Amino acid sequence: MGNEARGVIQNFWHVQNNRDYAALVELFTDDAVLQDPIMGIKQGIGEIKAFMETMNVSTKDLGLHFETLEISGDSETAWCRWVAVTQKGRAEGCGIYKTSSGKISYYRDYYDVEEFKKAVS
């Protein structure tokens, strides 16, 4: 018990920092839900996999990468403050996560959509 969710999310960001978003798919449960303010809701591992594959292309095209600012969590939930960075700007956001059996079962990002669009357009 203790910081299991925090460890899962630290691993998530370690993998994400390699900029191969498709590699993140194995960190989600089969029935996971991912919610993003722009991309909408992705339900199940198939939709999450397709989303992560598009992230591989879109982040490269935009010269976009993410940096973690802070991660905290307990046995089942965690959160992370992050910043999206491009040559055009930065946009801060926050992700909340629920884990089950060492995998992510729920992930939702919160960020100012207009601020994000300015950083990537």
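These are my notebook entries on what I looked up in this structure.

**Entry: ground rules**

I am working with a predicted model, where local features need pLDDT of at least 70 and side-chain atom pairs count only at pLDDT 80 or more, while totals for chains, interfaces and linings use all residues. Residues are numbered from 1 along each chain as its sequence is written, and side-chain values use heavy atoms, with hydrogens and water left out.

**Entry: the largest pocket**

I started with the pocket. How much space lies in the largest pocket? I found about 380 Å³. My reminder on the term: on a 1 Å grid over the protein atoms alone, a pocket is an open set of points with protein on both sides within 12 Å along at least five of seven lines, and a cavity is a set where a 1.4 Å probe fits but cannot get out. Lining residues have an atom within 4 Å of a point. Grid points are joined across faces, edges and corners, and the volume is the space filled by probe spheres set on them.

The lining of the largest pocket has 23 residues, and Asp36, Phe51, Met55, Phe66 and Phe116 lie nearest the centre. Helix H1 (4-16), strand S1 (28-36), helix H2 (44-62) and strand S6 (103-111) each give two or more residues to this lining. Helices (H or I, at least four residues) and strands (E, at least two) are DSSP runs numbered from the N terminus.

Which element gives the most to the lining? H2 does, with 6 residues. I also sorted the lining by type and got 17 nonpolar, 4 polar and 2 charged residues. Here Ala, Val, Leu, Ile, Met, Phe, Trp, Tyr, Cys and Pro count as nonpolar, Asp, Glu, Lys and Arg as charged, and the others, Gly among them, as polar.

**Entry: salt bridges**

Next I looked for charged partners. How many salt bridges does the structure hold? There are 4, a salt bridge being a side-chain nitrogen of Lys or Arg within 4 Å of a carboxyl oxygen of Asp or Glu.

One of them joins lysine 49 to glutamate 53, with the closest N and O atoms 3.9 Å apart. The two residues are 4 residues apart in helix H2, so about one helical turn separates them. Lysine 49 is partly exposed at 44% relative accessible area, and glutamate 53 is partly exposed at 38%. For these labels, buried means under 20% relative accessible area, exposed over 50%, and partly exposed in between (1.4 Å probe, protein chains only).

Another one links arginine 81 and glutamate 70, at 3.1 Å from N to O. Arginine 81 sits in strand S4 and glutamate 70 in strand S3 (residues 65-73), so this pair ties together parts 11 residues apart in sequence. I noted that Glu70, Arg81 and Glu92 are linked in a network of salt bridges.

I also found lysine 98 paired with glutamate 76, their closest N and O atoms being 3.8 Å apart. Because lysine 98 lies in strand S5 (residues 89-100) and glutamate 76 in the loop between S3 and S4, the pair ties together parts 22 residues apart in sequence.

**Entry: a nonpolar patch**

Then I turned to the surface. Which residues form a nonpolar patch there? They are Trp79, Ile96 and Tyr110, with about 250 Å² of accessible area together. Accessible areas come from the Shrake-Rupley method with a 1.4 Å probe, and for residues only the protein chains shown count as cover. Patch residues have over 30% relative accessible area and no salt bridge; nonpolar side chains (Val, Leu, Ile, Met, Phe, Trp, Tyr) are joined within 5 Å, like charges within 9 Å. Tryptophan 79 belongs to strand S4 (residues 77-86).

**Entry: backbone and neighbours**

I checked phi next. Arginine 19, in the loop between H1 and S1, has a positive phi of about 65° although it is not a glycine. Serine 101, in the loop between S5 and S6, has a positive phi of about 55° and is not a glycine either. Serine 101 counts as exposed because its relative accessibility is 78%.

Last, I looked at two pairs. Is glycine 44 buried or exposed? Glycine 44 is buried, at 16% relative accessibility. Glycine 44 and alanine 32 are 12 residues apart in sequence, and 5.1 Å apart in space from C-alpha to C-alpha. Asparagine 17 and glutamate 67 are 50 residues apart in sequence, with 7.6 Å between their C-alpha atoms.
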